Amino acid sequence: MTANPDIFLSYNREDQAVARLYADAFAAEGLNVWWDTALRSGEAYDEVTEAALRAAKAVVVLWSPRSVVSRWVRAEATIADRCKTLVPVMIEPCERPIMFELTQTADLCHWSGDAGDRAWLAFVSDVRRFVGREAEPDAVAVTPTVDVPAPVSERGSAPSLAVLPFTNRSGLSEDDVFAFGMVEDLIDALSLGVHARVLSSSSTARFRNGSSPDVGAMGRELGVRYLLEGNVRRSGNDLRVTAQLIEAAGGAILWTQKFDRPLTELAALQEQLIEEVAAHLGTQLLRREMEQALKKPSDVTAWECVMRALSALRTTNDKAILRAVEESARAVSIAPDYGLAHAMLADALGLAYMFRSPDDADEVRRIRHHIDRALSCDGENAAVLGYVASALHCIGQSPEGLRRAKRAIEINPGYGYVHLTAGTTSVMLGLPEAALAHFADFHRLEPNSPHQHYAWAFASYSHLLMGDLAAAEAAVDRSIAFVPENGVFYVHKALIVSQLGRTSEAQELMREARHRQPTDTRELWELRFPRWLPVGPALDAMLAALRKLWPATEGSA
């Protein structure tokens, strides 16, 4: 061991085998590592240990359920934080000490020593920045296989949108300021989104006086697929904002909506107004892109394949999930380094696993591979994090899923889908109140989302956890209204109705479900519900109702 180490490795004694894996891997990268188990007896904080800790250029803390409760690891992390040498890494899912929750932490829970793993390589790169040197030219290291990026034309991208200057139809100078600010704020809000690339206001400023009424000409000049135009005007005691989305190529109006706010409350409600317009517009763009992708018979880009996969998941039956898997796998084959494609494939495979597969460690590893690839390719993209969070929930890794969803919300609080995934993961963690709050945000931000049925189903589970069967039934009724062909929701409602004592109605609902999904067995349903509800009275009640209703409806499918 060196007196002035590059790295001080902080870990709990029970994680010694993992610590050795890291120490050996760092050594293979040509980095000097100080680590020792002999000084962790708890009898004293050894002077040699403290000296090495303070001398190290980087202190790598291995967070695990055991190390987070170790006062020695916490002490070492605290000193490293004060010395600005802390480089933490998660080796197992756990809740970090609260003072370190805001410290960026690498997630290597999956890592087992692969020197070519992208997440590991990114982490080593971070460590080297702390150490202050790049890899030496003659260092012996494993050269990872690097995917050749797909050409942009093959990968595709989100459509481009230009927000044109809003027109002040009130004729009052004070509304000029509001109209200008409305455009600036809308561009800021939409730029955080994931379904469009938004031009800056400077690109459209020349159209402020309506210098080019030809929509097609404006679209060609700006190089965009969509234009958003709008106006503001006073209507009685209200200020009305009208917005419409136009397809640049043909000038067709794809969507239009009016938003009214009382003049007396305008200042306080302006932020909500911007959020509401952006939310409606984002959903419309997503739907339009899905429709366009479905119309294209061949020569699709990876982006279009992702849109096709999303379109398939407007419902969650076997056929739809299989289509989503096929389309997202195609996206990955077109663009192997495309984070969104890997995230979508992980989510589709996760749904297939959650709905149909028995416990299978190999399949979980396969899904985890695409999760890790998505994160290594584009781990700070809100859409990538949203689909990754959903996939983690599907394979029983909800704690990490909730962390990923919350990070996505930090990046883009106006993106509704990540509130949905935060809600579903909260349900599995036994946090129904938090889940319902996230679902409320989702409904507010994406009122016309194709995922509404999914949100209502998990809202129903939230009410079950809270012991409110009436609210649970009302929520699942909303799911059925959105996707009446999905037998899953009829089983869900049948089990709730059975608990309410309406036996005949429950049996009729179960017969309907079994007619719609005749290949589903009782064993499959007993596998599904523990993946949707945490262990506890609500799950026990649903399984008991299932075991009672199933034999009573035998032969009815």
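**Close-up views of a predicted model**

**View 1. Trp-532 and its contacts.** Leaving out the neighbours within four places in sequence, Trp-532 is in contact (heavy atoms within 4.5 Å) with Met-354, Phe-355, Val-427, Met-428, Phe-458, Tyr-461, Val-488 and Trp-525. This is a predicted model, in which local features need pLDDT of at least 70 and side-chain atom pairs count only at pLDDT 80 or more, while totals for chains, interfaces and linings use all residues. Residues are numbered from 1 along each chain as its sequence is written, and side-chain values use heavy atoms, with hydrogens and water left out.

**View 2. The largest nonpolar core.** A nonpolar core is a set of buried Ala, Val, Leu, Ile, Met, Phe, Trp, Tyr and Cys residues joined through side-chain atoms within 4.5 Å, where buried means under 20% relative accessible area, exposed over 50%, and partly exposed in between (1.4 Å probe, protein chains only). The largest such core has 100 residues, and those that touch the most other members are Ile-371, Tyr-387, Leu-495, Phe-529 and Trp-532. Helix H12 (residues 339–356) gives the largest share of this core, 12 residues; helices (H or I, at least four residues) and strands (E, at least two) are DSSP runs, numbered from the N terminus. Another core, of 27 residues, lies apart from it and includes Leu-161, Phe-178, Leu-228 and Ala-278.

View 3. Glu-92 and Arg-66 meet through their side chains in a salt bridge (2.3 Å, N to O), a term for a side-chain nitrogen of Lys or Arg within 4 Å of a carboxyl oxygen of Asp or Glu. Because Glu-92 lies in the loop between strand E4 (86–90) and strand E5 (106–107), and Arg-66 in the loop between strand E3 (58–63) and helix H3 (71–83), the pair ties together parts that are 26 residues apart in sequence. Glu-92 is partly exposed, at 30% relative accessibility, and Arg-66 is also partly exposed, with a relative accessible area of 21%.

**View 4. A buried pair between two helices.** In the salt bridge of Glu-327 with Arg-308, the closest N and O atoms are 3.7 Å apart. Glu-327 belongs to helix H11 (residues 318–334) and Arg-308 to helix H10 (residues 302–312), so this pair ties together parts that are 19 residues apart in sequence. Both Glu-327 and Arg-308 are buried.

**View 5. A network of salt bridges.** Salt bridges link Asp-107, Arg-368, Asp-372, Glu-400, Arg-403 and Arg-404 in a network. By the rule given above, the count comes to 28 salt bridges.
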